[in-house]
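Reader: Please take a close look at a single part of this model. I want the details of one covalent link, and then a word on a loop position.

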Amino acid sequence: QVELVESGGGLVQAGGSLTLSCTTSAHIFTDYAMGWFRQAPGDVREFVAGLHWSTDATAYESSVQGRFTISRDAAKNAVYLQMNNLKPEDTAMYYCNAGAPGIGSRGAYWGRGTQVTVSS
């Protein structure tokens, strides 16, 4: 059983920064991707950023490109999302996902989410 635990969300003013963390209780599958998704009230869950664990390739949703950075720490079984220049439209519940066959697709494992709220 793979358990994902997110942290680092909070309330921040527009233009501010937050760093989300996702830690796991199990060894990451080296042939799979991990990613961050977000869901605002009334909206579908959308892809934000992802990376492939073995190749370190990354990809981003167009609206966060240049503002968000996804990274990993293999020794800690952790994935991070550095979010800069936050905008009110970034407000959402952010979810960590693991076990995806490729970047941008959805794996079988989800965390419970961490709330990010950006005030204008």
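Author: Start with cysteine 96. In this predicted model, cysteine 96 is buried, with a relative accessible area of 1%. Burial here means a value under 20%, so cysteine 96 qualifies at 1%. Its partner is cysteine 22, and a disulfide joins the two, with an S to S distance of 2.1 Å. Cysteine 22 is buried as well, at a relative accessible area of 0%.

Now the link itself. The structure holds one disulfide. Cysteine 22 sits in strand β3, which covers residues 18-24, while cysteine 96 sits in strand β9, residues 92-100. The pair therefore ties together parts that are 74 residues apart in sequence. A disulfide is a covalent bond between the sulfur atoms of two cysteines.

Next, the loop position. Glycine 8 is found between β1 (4-7) and β2 (10-13). Glycine 8 has a relative accessible area of 34%, so it counts as partly exposed.

What does glycine 8 touch, leaving aside residues up to four places away in sequence? The contacts are Leu18, Thr19, Leu20 and Thr114. Strand β3 spans residues 18-24, so Leu18, Thr19 and Leu20 belong to the strand that holds cysteine 22.

Asparagine 77 is 69 residues from glycine 8 along the chain, and their C-alpha atoms are separated by 16 Å.

Technical notes. Residues numbered from 1 in each chain as written. Predicted model: local features only at pLDDT ≥ 70, side-chain atom pairs only at ≥ 80, totals over all residues. Heavy atoms only, no water. Helix = DSSP H or I, 4+ residues; strand = E, 2+ residues; numbered from the N terminus. Buried < 20%, exposed > 50% of the residue type's maximum accessible area, 1.4 Å probe, protein only. Contact = heavy atoms within 4.5 Å. Disulfide = S-S within 2.5 Å.
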